[in-house]
Amino acid sequence: MSEPQSIYLSDYRPPAYRVTHTELSFDLDPMATRVKARLHVERHPERAAGEPLELDGEQLTLKSIAIDGQPLGDDEYVLTERGLRVDGVPERFLLDTDVEIAPKDNTALEGLYQSGGMFCTQCEAEGFRRITFYPDRPDVMATFSTTVVGRSDREPVLLSNGNPVERGELPDGRHFVTWEDPHPKPCYLFALVAGDLQKVEDRFTTAGGREVTLQIWVEEENLGKTDHAMASLKRAMRWDEETYGREYDLDLFMIVAVNDFNMGAMENKGLNIFNSAAVLTHPHTATDAAFQRVEGIVAHEYFHNWSGNRVTCRDWFQLSLKEGFTVFRDQSFSADTNSAPVKRIEEVSFFRTAQFAEDAGPTAHPVRPDHYIEIGNFYTLTIYEKGAEIVRMLRNLVGWEAFRRGSDLYFSRFDGQAVTIEDFVACMAEASGQDLDQFMRWYSQAGTPEIDAHGEYDYANGAYRLVLRQRTPATPGQPDKQPLHIPIRLGLVGTKSGRDLTLTLDGEYLGQDGVIHLREEEQEFLFTDVEEAPVPSLARGFSAPIKLHFPYSREDLAFLQTHDSDGFNRWDAGQRLALLALDDLIAAHRNGVEKVMDSRVVEAFRSLLNTATDDKAVLAEMLTLPSEAYIAEQQPLVDVDAIHAARTFVKQSLAIALRDDFLRVYHENVSEAPYAPEPEQIGARSLKNVALSYLVSIEDEEGVELARRQFEADHNMTDVRQALTLLVHSSRDDLADPALRAFGEKWAHDPLVMDQWFSIQVSRPQADALERVKFLMDHPAFSLTNPNKVRALIGAFAQNRINFHRLDGEGYKLLADVVIELNRLNPEIASRLVTPLTRWRRFDEPRQELMKGELERIRAEKLSPNVYEVIEKALA
Ligand code: ARG
Ligand code: ZN
């Protein structure tokens with residue numbers, strides 16, 4: 001096989017031929033499924049006559065091919081590894097093909113595969129070409145009619161997109177169902193599910209009066225775990241009507257849960273397929289975080305019905321058109337149904353840790369990339385989360401009303417079409433009358449902009465001068481960057497009054513919480529009529545995906561942490577304060593001097609613990625120290641051990657100093673009320689469990705006993721998991737080992753709980769974590785072909801910073817071994833799993849060498865395009 005080739009956005013052309021209607025018939029068999037396709041093909045009006053018909057197709061065994069009923073001889077078409085070519089086709093014709101595929105051998109989980117005994121599909125981005133020969137690109141949209149034939153005993157349920165229109169019995173114990181999807185769609189939205197499934201059913205009446213049947217299909221043992229997903233679905237449907245005026249457009253909406261799935265879920269038209277981890281919940285098996293994740297993903301996939309399906313992407317470079325917008329929509333939905341400030345804090349802390357790292361590493365790419373080798377590598381935090389941040393900036397720039405008008409315009413103008421990011425932004429510009437030309441650079445420029453800010457107060461004139469300077473670091477292939485249009489929401493907090501002062505900029509009154517627009521490389525903003533000396537509160541709510549540096553003193557930060565009117569920035573001030581203290585301690589550790597705790601941090605925590613609050617979830621976040629990964633992000637060169645030691649020292653110092661406060665907060669938040677995944681309960685549980693984590697960090701006897709009892713009480717998985725994690729991560733193996741054993745035996749039958757059992761053990765800081773990984777890889781519940789298991793065991797271990805980065809290199813070696821094996825079995829998972837190794841340049845010399853060595857060992861293998869692309873970038 002030749003070296004994988006790059007595909008360029010600038011090479012885009014409409015397809016030579018399009019398909020208007022697609023008829024499929026599947027005769028299911030694990031090793032020899034037959035797929036017959038009849039495509040209604042016509043020349044694209046913008047393309048010349050006489051061009052060859054080129055279809056994508058991989059791993060298909062062609063049995064026969066005919067045009068307008070005339071079988072083609074072997075010399076009338078060309079078969080390659082990538083597809084099929086036919087020369088001299090008419091302007092408009094019927095193409096019939098018959099192929100054979102082997103779903104049981106499909107460990108890549110793309111195309112048609114088996115999960116347990118059931119058949120299912122994953123076609124986005126380019127999986128459909130593993131089902132039949134087809135122009136597998138999103139700008140070819142057809143109506144589909146699909147007949148599925150299966151065994152009545154093994155596959156009593158046969159599902160596809162749209163509505164069932166016919167079903168019947170066949171000889172030899174087989175049966176069939178025919179499905180019709182009236183909405184033209186690209187083939188990446190095709191889906192088929194067949195197996196022994198049970199359903200839970202509900203109904204929803206749309207605002208326009210359409211009666212929709214809602215079904216969640218699961219294996220029998222999971223019937224009791226669908227309530228939350230169903231409730232979330234109905235909330236999402238109503239929310240999209242009320243917020244975006246979008247209604248559902250079929251009579252049936254189905255969700256299916258499958259155990260083997262590469263990602264979270266997939267928005268196939270009318271038949272969403274979900275990783276079981278993203279849909280199943282029960283108070284005894286799922287944590288609060290899992291409940292919230294399910295709600296978010298159910299909403300996300302549902303929202304795609306408009307932002308993705310009715311209006312789709314012209315080509316895969318536009319992936320963020322549907323993903324960025326849809327993530328923004330699901331984030332807004334979750335903020336409306338939960339504690340909005342805590343949602344934002346969670347989003348941003350995740351974003352600043354993981355997306356910033358991606359944007360600063362060798363695989364950095366723009367939100368709209370201009371080339372790729374394997375699109376499967378571009379389902380990234382940049383495309384999804386940074387894409388969502390861009391849409392959020394747009395919403396804030398034009399205001400909600402204009403944004404909603406722009407959204408309406410977008411959906412009506414482009415309904416049923418495959419379009420580009422420019423089309424979307426043009427609707428926003430048109431609806432708002434704003435010039436968004438410079439703003440478009442956010443889509444084409446990779447890297448995280450860094451803003452250096454400073455300001456001074458002019459006592460004589462009552463003016464505050466703020467100077468901002470922006471700079472985006474070079475990223476691979478983009479050495480020079482242009483200034484971006486960056487909206488900075490800010491307030492000036494009076495140091496005497498502790499209140500937001502009014503903002504007057506160039507004679508214009510901006511209120512007390514205003515937005516300034518940074519467009520130049522350097523810009524000065526002069527605020528007048530500022531009555532007292534302020535501390536600026538900048539980029540409130542994380543108003544842009546930037547790193548903002550301001551020379552705050554620790555006193556400034558302690559002040560903002562108590563007085564900022566913006567909840568997000570109050571939290572952020574606390575994080576900045578903790579980071580400054582951590583910096584000192586990291587230096588102390590490196591220099592071998594005694595560590596001294598900054599009393600300002602202790603006092604800040606003491607006052608948090610003793611101030612009444614109505615948002616316990618936010619308080620829990622404020623009491624949570626920046627993660628080791630986030631601290632590492634702030635360091636020029638990552639010192640894994642110093643970071644771990646410094647953070648542990650801060651945590652334990654706080655626990656010692658504030659032991660009684662933590663204990664009190666724990667007891668104040670214990671509740672016997674029946675579990676509900678509701679904001680108030682979730683907030684109280686997080687607060688209680690954060691307090692417990694401090695107490696157990698110093699192995700306080702009472703704290704450890706509380707953890708043991710919380711585990712034993714077995715009230716809900718959030719509490720059980722936290723208690724078990726704290727015990728396993730402490731040195732109290734006398735308590736941890738029996739608890740782990742009991743938990744493992746109790747839940748041996750439940751794969752989603754066993755995933756948690758794996759993760760808890762391999763993320764422990766003790767030196768035996770790596771040995772545990774190796775041992776657990778032989779556990780009967782582990783499997784390398786199940787992505788959830790790989791993430792739970794190997795993925796979780798790679799996040800265990802001190803143990804993954806062991807100086808003997810054994811952590812790196814283990815990861816590389818698994819990547820090499822998965823490169824053959826499941827390239828998409830392999831190329832994701834290798835990510836931590838690609839960040840080698842961030843570490844000290846010995847670790848760099850070790851990590852690079854493992855990357856080179858991987859490079860020597862015969863690589864899938866997925867892993868090849870990532871490894872080449874990492875070693876470039
Ligand atoms: N469109 C899906 C979602 O975001 C994800 C599909 C991912 N597919 C892939 N091959 N990585 O909801
Ligand atoms: Zn999506």
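**Group meeting: a walk through the predicted model**

Eleven of the twelve residues of helix α22, residues 787–798, are buried, so this helix is largely enclosed by the rest of the structure. The buried residues of α22 are Pro-787, Asn-788, Lys-789, Val-790, Ala-792, Leu-793, Ile-794, Gly-795, Ala-796, Phe-797 and Ala-798. Before I go on, please keep in mind that this is a predicted model.

Now the record. UniProt, in an unreviewed entry, lists residues 106–189 as "domain: Aminopeptidase N-like N-terminal". In the model, residues 106–189 are 0% helix and 52% strand, and the end C-alpha atoms of the span lie 19 Å apart. The unreviewed entry also has "domain: Peptidase M1 alanyl aminopeptidase Ig-like fold", which covers residues 447–550. Over residues 447–550 I find 50% strand and 0% helix, with 20 Å between the end C-alpha atoms. Then there is "domain: Peptidase M1 alanyl aminopeptidase C-terminal", again from UniProt and unreviewed, on residues 555–876. Residues 555–876 are 73% helix and 0% strand, and their end C-alpha atoms lie 44 Å apart.

Next, the ligand. Which residues surround ligand 1? They are Glu-124, Ala-125, Met-263, Ala-265, Met-266, Glu-267, His-300, Glu-301, Glu-323, Gly-376 and Tyr-379. By class, that shell divides into five nonpolar, two polar and four charged residues. Strand β20, residues 265–266, supplies at least two residues of the shell, and so does helix α2, residues 288–303.

Two of the shell residues, Glu-124 and Ala-125, are joined by a cis peptide bond, with omega about 0°. Ala-125 sits in the loop between β11 (118–122) and β12 (142–151).

While we are on backbone geometry, there are a couple of positive phi values to show. Ala-539 has phi near 50°, a positive value in a residue other than glycine. Where is Ala-539? In the loop between β32 (534–537) and β33 (547–549). Ala-539 counts as buried, because it has 24 C-beta neighbours inside 10 Å and the cut-off for buried is 20 or more. Asp-714 is not a glycine either, and its phi is positive at about 55°. This aspartate lies in the loop between α17 (701–713) and α18 (717–728). Is Asp-714 buried or partly exposed? Partly exposed, because 14 other C-beta atoms lie within 10 Å.

Back to helices, starting with α6, residues 400–413. The buried residues of α6 are Phe-403, Gly-406, Ser-407 and Tyr-410. Seen down the axis of α6, those buried residues fall within an arc of 100°, so they line one face of the helix. The face of α6 turned away from that buried side carries the exposed residues Glu-401 and Ser-412. What do the buried residues of α6 pack against? Against α1 (227–244), α5 (381–398) and α7 (421–432).

Helix α14, residues 640–657, has 18 residues. From first C-alpha to last, α14 reaches 26 Å, close to the 26 Å expected at 1.5 Å a residue. Its buried residues are Val-640, Ile-643, His-644, Ala-646, Arg-647, Val-650, Ser-653, Leu-654 and Ala-655. The buried residues of α14 pack against α10 (567–591), α11 (599–609), α13 (628–634), α15 (659–668), α16 (679–697) and α23 (801–804).

One of those partners, α11, contains Ser-607. Ser-607 counts as exposed, because it has 12 C-beta neighbours inside 10 Å and the limit for exposed is 12 or fewer. Ser-607 and Lys-36 are 571 residues apart in sequence, and their C-alpha atoms are 69 Å apart in space.

Leaving aside neighbours within four places in sequence, Tyr-552 is in contact with Leu-557 and Arg-576. How far is Tyr-552 from Ala-645? Their C-alpha atoms are separated by 25 Å, and the two residues are 93 residues apart along the chain.

Notes. Residues are numbered from 1 along each chain as its sequence is written. Chains are lettered from A and ligands numbered from 1 in the order in which they are written. This is a predicted model: local features need pLDDT of at least 70, side-chain atom pairs count only at pLDDT 80 or more; totals for chains, interfaces and linings use all residues. A residue is near a molecule or strand if its C-beta atom, placed from the backbone, lies within 6 Å of it. Helices (H or I, at least four residues) and strands (E, at least two) are DSSP runs, numbered from the N terminus. Ala, Val, Leu, Ile, Met, Phe, Trp, Tyr, Cys and Pro count as nonpolar, Asp, Glu, Lys and Arg as charged, and the others, Gly among them, as polar. The expected span of a helix is 1.5 Å times one less than its number of residues. Two residues are in contact if their C-beta atoms, placed from the backbone, lie within 7 Å. The arc is that of the directions from the helix axis to the C-beta atoms. UniProt positions are given in the numbering used here, feature names are shortened, and annotations may be inferred rather than shown by experiment.
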